[in-house]
Amino acid sequence: MSSVYDVLVESFVETGDYEILPGNEQTLRNYIRWLRETGQVGEPGKGRRLYDHVDDPPAGRQLQLDFGQLKCDEGLTVHFLCMLLRMSRYLGVCAQDHRFDSEEACVAIYRFMCKVGGRPEELVIDQDSVFVGSETYGEVFATETFDAFLKEQGLRLWCCNKHDPESKGAVLCAA
């Protein structure tokens, strides 16, 4: 239900008609509950999420980024940034002993681009605070450092839905 409301908000925000939505998210929840109770709409399938095939973008189009951490022996935690070229599946990893900040992440991305000898057209990220400062009505605002990096490198940003990393695309790492 929340994703239906998010789609409505995004559609109406782009046209400037957000204020004419007849209600809020709770109104939509009540309406959908009524539709289910009266048998006009069936219950959603239980358990598994439905997936559809997504074609790989052309070579050089997307670089997908994700953060992770690995707890090692003796209490050491290694923080890493994985960078995956979507078409070739070429994977680069930058690791360090502390969490990444915006500047360190931008340096890691730049070094990866130097290593592969090219620059993608867009970066695909989830809404991590290292990259994203805020979000309003589905519009994402990058942190100051990351925004400057995007402009300097001429990169577009594609951000997955908040709290839905599976909308990003390819799986980076499996543990």
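A residue counts as buried when its relative accessible area is under 20%, as exposed when that area is over 50%, and as partly exposed in between, with a 1.4 Å probe and protein chains only. The legends below describe a predicted model, in which local features need pLDDT of at least 70 and side-chain atom pairs count only at pLDDT 80 or more, whereas totals for chains, interfaces and linings use all residues. Residues are numbered from 1 along each chain as its sequence is written, and side-chain values use heavy atoms, with hydrogens and water left out.

**View 1. Overview of the protein chain.** The protein chain contains four helices and seven strands; helices (H or I, at least four residues) and strands (E, at least two) are DSSP runs, numbered from the N terminus. Read from the N terminus, the order of these elements is α-α-β-β-β-α-β-β-β-α-β. The chain has 175 residues, of which 30% count as buried. It exposes about 11,900 Å², and carbon and sulfur atoms supply 51% of this area, as computed by the Shrake-Rupley method with a 1.4 Å probe; for residues, only the protein chains shown count as cover.

View 2. H79 belongs to strand β2, which covers residues 77–85. Its relative accessible area is 11%, so H79 is buried. A contact means heavy atoms within 4.5 Å. Neighbours within four places in sequence left aside, H79 is in contact with G68, Q69, C94, A95, Q96, D97, H98, R99 and F100. For the protein chain, 51% of the contacts with a separation of 6 or more are between residues 24 or more positions apart.

**View 3. Helix α2 and its buried face.** Within α2, L28, I32 and L35 are buried. Seen down the axis of α2, the buried residues fall within an arc of 55°, so they line one face of the helix; the arc is that of the directions from the helix axis to the C-beta atoms. Just after α2, G39 adopts a positive phi of about 80°.

**View 4. The aromatic pair of Y90 and F112.** Rings of Phe, Tyr and Trp (its six-membered ring) pair if their centres lie within 6.5 Å; planes under 30 degrees apart count as stacked, over 60 as edge-to-face and the rest as tilted. Y90 lies in the loop between β2 and β3 (91–96) and F112 in helix α3 (residues 102–116), so the pair ties together parts that are 22 residues apart in sequence. Y90 is partly exposed, with a relative accessible area of 37%, whereas F112 is buried at 6% relative accessibility.

**View 5. The aromatic pair of F131 and F146.** F131 and F146 form a tilted pair, 4.4 Å centre to centre with 45° between the planes. F131 is located in the loop between β4 (122–125) and β5 (132–136) and F146 in helix α4 (residues 144–153), so the pair ties together parts that are 15 residues apart in sequence. F131 is buried, with a relative accessible area of 1%, and F146 is buried at 0%. One aromatic cluster is formed by F67, F100, F131 and F146.
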